[in-house]
Amino acid sequence: MKPHYNIKTITHAAFALLLCLFCLSFFRGPTSIISAFLIPVTIVLFDKYASKYYYLILVSTLLPVTFILFQTQFIFILGYLLLALLLRAFLLNNERKLLLSFFRVINYYISVVFVLYISIRFTDILLKTSLHLMMLSLTNNNAILYLIILMVEGFAITVFNIIIFKLLQIRTNQN
């Protein structure tokens, strides 16, 4: 890898880290869903060269800082990193253009719903929170209603990820 790519990779990872930490700092509690709209897109947006070093730098800095400062968000940040990789795999080609076929979007949507559910369950198990019980009590212990809420959240995250990525991609390509 050329030296100027190393500097660009580090700079892109630093910007992504800063924006991810901004989201984690400002969107807490009930508003933390906004992080799911922004963090995966941020990670993919700054992955300009599809560099493994970018992900290595970002993950090796984001995970420890999240664990130290935002323990309850740690599992979710792992989910957001996974969503960023899935966004790249399902919805982007090698030139980083959006591929919006029905099956690609549906695959991403199903992945988002799955990652949300798994993040909630693992956060409860590993960090002894009661997110799952809160969701069940919110739905009056109705599993179908719980699934519908996850599906609506997943739909919103999918749509916003696509829209925000497209808008930011247009904006960054203008400069």
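1. Start with Ala156. Ala156 sits in helix 7 of this predicted model. Ala156 has a relative accessible area of 22%. The cut-off for buried is under 20%, and exposed needs over 50%. Ala156 is therefore partly exposed. Compare its place in sequence with its place in space. Ala156 and Pro30 are 126 residues apart in sequence. In space their C-alpha atoms are 15 Å apart.

2. Phe155 lies in helix 7, which covers residues 143-174. Phe155 is exposed, because its relative accessible area is 53%. Its partner is Tyr109, in helix 5. Tyr109 is buried, at 16%. How are the two rings set against each other? Their centres are 6.5 Å apart and their planes meet at 80°, so this is an edge-to-face pair.

3. Other aromatic pairs. The whole structure holds 9 aromatic pairs. One of them joins Phe15 and Phe46. This pair is stacked, with 25° between the planes and 5.9 Å from centre to centre. Phe15 belongs to helix 1, residues 3-26. Phe46 belongs to the loop between helix 2 and helix 3. The two are 31 residues apart, and the pair links distant parts of the chain. Phe46 is buried, because its value is 18%.

4. Helix 5 as a whole. Helix 5 runs over residues 102-127. Which residues of helix 5 are buried? Among them are Tyr108, Tyr109, Val112, Val115, Leu116, Ser119, Ile120 and Thr123. Residues three or four places apart point the same way, because an α-helix has 3.6 residues a turn.

5. Thr123 up close. Thr123 is part of helix 5. Its relative accessible area is 0%, so Thr123 is buried. What does Thr123 touch, once neighbours within four places in sequence are left aside? The contacts are Thr72, Ile75, Phe76, Lys128, Thr129 and Leu131.

6. The largest pocket. Its volume is about 520 Å³. It is lined by 18 residues, and those closest to its centre are Gly29, Ser32, Phe76, Leu131 and Met134. Phe76 and Leu131 are also contacts of Thr123. Which helices each supply at least two lining residues? They are helix 2 (33-45), helix 4 (74-91), helix 5 and helix 6 (131-138). Helix 6 gives the largest share, 4 residues. By class, the lining has 11 nonpolar, 5 polar and 2 charged residues.

7. Most residues other than glycine have a negative phi. Lys128 has a positive phi, near 55°, and is not glycine. Lys128 follows helix 5 and lies in the loop between helix 5 and helix 6. Lys128 is exposed, because its relative accessibility is 69%. Asn141 also has a positive phi, near 60°. Where is Asn141? Asn141 is in the loop between helix 6 and helix 7. At 62% relative accessible area, Asn141 is exposed.

8. Finally, Leu98. Leu98 lies in the loop between helix 4 and helix 5. Is Leu98 buried or exposed? Its relative accessibility is 18%, so Leu98 counts as buried. Leaving aside neighbours within four places in sequence, Leu98 is in contact with Leu91, Leu92, Ile162, Phe165 and Lys166. Leu98 and Asn161 are 63 residues apart in sequence, while their C-alpha atoms are 11 Å apart.

Technical notes: Residues numbered from 1 in each chain as written. Predicted model: local features only at pLDDT ≥ 70, side-chain atom pairs only at ≥ 80, totals over all residues. Heavy atoms only, no water. Buried < 20%, exposed > 50% of the residue type's maximum accessible area, 1.4 Å probe, protein only. Contact = heavy atoms within 4.5 Å. 1 Å grid on protein atoms, 1.4 Å probe; cavity = no way out; pocket = protein on both sides within 12 Å on 5 of 7 lines; lining within 4 Å. Points joined across faces, edges and corners; volume = space filled by probe spheres on them. Nonpolar A, V, L, I, M, F, W, Y, C, P; charged D, E, K, R; others polar. Phe/Tyr/Trp six-rings, centres within 6.5 Å; stacked < 30°, edge-to-face > 60°.
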